[in-house]
Each structure stands twice: as C-alpha cells, then as structure tokens.
Amino acid sequence: MKRKIDLESDFDFFKGEIIGSVLVLNFKDDLMFRATSLVAKSTILDYLDQLSRSDAIKVLLIVSSPRKAGREEYCKFYDQVIETALDISAVHKLFHAIDDLILKIKEVNQIVIHADSGNVLPLFLNISLACDYRIVADNTVFQNPCLEYGLVPKGGGAFFLSKILGAAAAYRIMLSEDDILASEALKLGLVDEVVAFSELRDAAFKVAEDFARKPAKSLRCCKRLLNYSFKELREYLEFETEELINMIGPFGDGLAKKIC
C-alpha cells in the first residue's frame with residue numbers, strides 16, 4: 001500500500017505548495033548529494049506517485065533552487081569520489097536516483113513545467129528536458145563540466161537532445177566545454193521561454209495557469225499521446241548508467257583528476 005503524503009509538506013530538499021490546481025514543487029540546494037540518500041529518493045518518488053493519483057492537480061511546476069549545484073559542486077562531488085572520501089556506491093545511488101526521477105516525471109499524469117535560473121549542470125538540464133515545458137531566467141548559464149572528468153552527462157541527455165534537436169546538435173552540446181547562455185538555449189530549442197530573473201516565478205506560474213484552464217482529461221490524454229515515443233526511455237537510462245559506471249570503473253579510478 002502506498003503511503004499517504006501531504007502534498008504541501010516541507011521536506012529536507014524540496015517543498016510543495018498547492019495554488020488552485022497547480023502544485024509548485026520547490027527544490028532546495030545540494031540535490032546532487034541529497035540524491036545519494038535512499039530515504040530522500042524514496043520520499044520524492046512517493047511524493048510524485050501521490051501527485052499522479054490526484055484528480056485535483058492539473059499541473060506540476062518544478063522550481064529549481066538558484067543556489068543549486070554548479071560547476072564547483074559537481075567537481076567537489078567527483079573529487080570526493082576520486083579521493084575515496086565518498087564511496088563509489090554513492091555514484092551508483094546518484095545515477096539510479098536520477099533515472100528514477102526522470103522516469104517518474106515522464107510518468108506523472110500532470111503537465112510538468114520546469115523553471116530554472118543561474119548556473120545549470122547537465123543533470124538539471126536533463127531533468128528539465130523530461131518536463132513538458134521549460135522556462136528559464138535571463139541569468140541562466142548551462143555548463144558542462146563532465147568532460148573535465150572524462151564523462152558524459154547523466155539523465156537521458158543524449159536521448160532527449162537527439163529527439164528534440166537531432167543527433168548532430170546533440171553531439172555538439174554534449175561534447176562542448178563552452179557555456180550556453182539563456183538566449184542561445186532559446187534559439188537552440190533547449191528552453192521554451194526566457195524571462196527576467198525577477199519575473200521567473202510569476203511567468204512560470206502564468207504558464208501553469210494557462211495549462212490548468214484546459215480540461216483535465218484533455219491534458220492527461222495529450223501527455224500520454226505525446227509521451228508514447230518515450231516508451232524506450234527506461235531501457236535507454238539503464239544502458240546509460242551501465243556505460244557511465246564502466247567509464248568510472250569499480251573504485252572511481254576511471255575518473256581523470258582535475259582541479260576545478
């Protein structure tokens with residue numbers, strides 16, 4: 001039996017708030033480190049299960065923390081793996097937690113909007129690509145420190161980018177060390193809208209309200225139809241995890257040490 005969760009609860013790394021038929025889920029900082037916790041993973045997945053069963057909520061608005069992990073936090077995480085201060089099992093937990101979160105976002109019955117700002121790692125970009133609509137602040141910078149460790153992004157990046165932009169553009173983005181500004185991300189099709197940072201939350205909520213005005217059955221059916229082509233996503237994510245674990249090696253010895 002699924003445990004009952006109050007959708008307006010305040011958890012360690014996220015907080016829920018219901019406004020009309022919109023659920024606003026605010027992610028807090030340190031998501032990379034928190035995702036290695038089995039308790040944290042179970043909490044967010046159970047939470048999204050509870051949401052998916054709700055007939056009162058039409059739209060989920062995910063708002064990432066402006067203080068979330070950036071390049072330095074990413075480097076800190078893998079430096080700890082290299083120095084064995086953080087066991088390699090933490091990487092396994094992180095990868096599986098990301099896989100489960102991506103799949104759950106695709107599976108929920110509600111339309112999912114993602115609002116982001118500041119420095120954005122591939123992990124958070126990939127989470128947004130799993131959503132149905134993406135809006136970012138004009139101070140958003142997409143970064144890719146993965147190549148500094150001889151890795152590629154986790155979270156379905158190759159899968160989503162190849163479908164949205166085509167294989168050639170996906171190669172360029174995944175193998176580029178250059179930052180992508182919000183304006184360029186809009187031109188590329190990585191995001192659907194760019195607004196001023198001070199207007200991000202209001203603009204994102206307006207998009208959510210626009211979706212919420214539509215009939216619930218129409219929204220759910222439309223999402224199921226549009227997500228039909230993502231049936232192979234679960235298999236892809238398992239393959240992606242295997243590839244990355246092989247790149248890292250059993251004790252993290254496949255990571256290239258680099259000072260960030």
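Of the chain's 260 residues, 53% count as buried. The model is predicted. It holds 11 helices and nine strands.

**Exercise 1. Strand E3**

Task: Determine whether strand E3 (residues 59-63) is enclosed or open, and name its partners.

Solution. 
- Step 1. Apply the cut-off: a residue is buried under 20% relative accessible area.
- Step 2. Five of the five E3 residues are buried, so the strand is largely enclosed by the rest of the structure.
- Step 3. Sort the side chains by direction. Val59, Leu61 and Val63 point one way, while Leu60 and Ile62 point the other way. In a regular strand, side chains alternate between the two faces of the sheet.
- Step 4. Find the partners. Strand E2 (residues 22-27) pairs with E3 in the parallel sense over five bridges; Val24 stands opposite Leu61. Strand E4 (residues 111-116) also runs parallel to E3, again with five bridges. Ile111 in E4 is the bridge partner of Val59.

**Exercise 2. Salt bridges**

Task: Of the 12 salt bridges, examine those of Glu17, Lys223 and Asp210. Which residues are buried, partly exposed or exposed?

Solution. 
- Step 1. Side chains of opposite charge can pair when their charged atoms come close.
- Step 2. Glu17 meets Arg201 at 3.4 Å, N to O. Glu17 sits in strand E1 and Arg201 in helix H9 (residues 200-212), 184 residues apart. Glu17 is partly exposed at 31%, and Arg201 is partly exposed at 38%.
- Step 3. Lys223 pairs with Asp132, with closest N and O atoms 3.3 Å apart. Lys223 lies in helix H10 (residues 216-226) and Asp132 in the loop between helix H5 (122-129) and strand E6 (133-137), so the pair ties together parts 91 residues apart in sequence. Lys223 is buried at 4%; Asp132 is partly exposed at 28%.
- Step 4. Asp210 and Arg213 form a salt bridge with closest N and O atoms 2.5 Å apart. Asp210 is partly exposed at 28%, whereas Arg213 is exposed at 61%.

How values were computed
Residues numbered from 1 in each chain as written. Predicted model: local features only at pLDDT ≥ 70, side-chain atom pairs only at ≥ 80, totals over all residues. Heavy atoms only, no water. Buried < 20%, exposed > 50% of the residue type's maximum accessible area, 1.4 Å probe, protein only. Helix = DSSP H or I, 4+ residues; strand = E, 2+ residues; numbered from the N terminus. Pairing = 2+ DSSP bridges. Salt bridge = Lys/Arg side-chain N within 4 Å of Asp/Glu carboxyl O.
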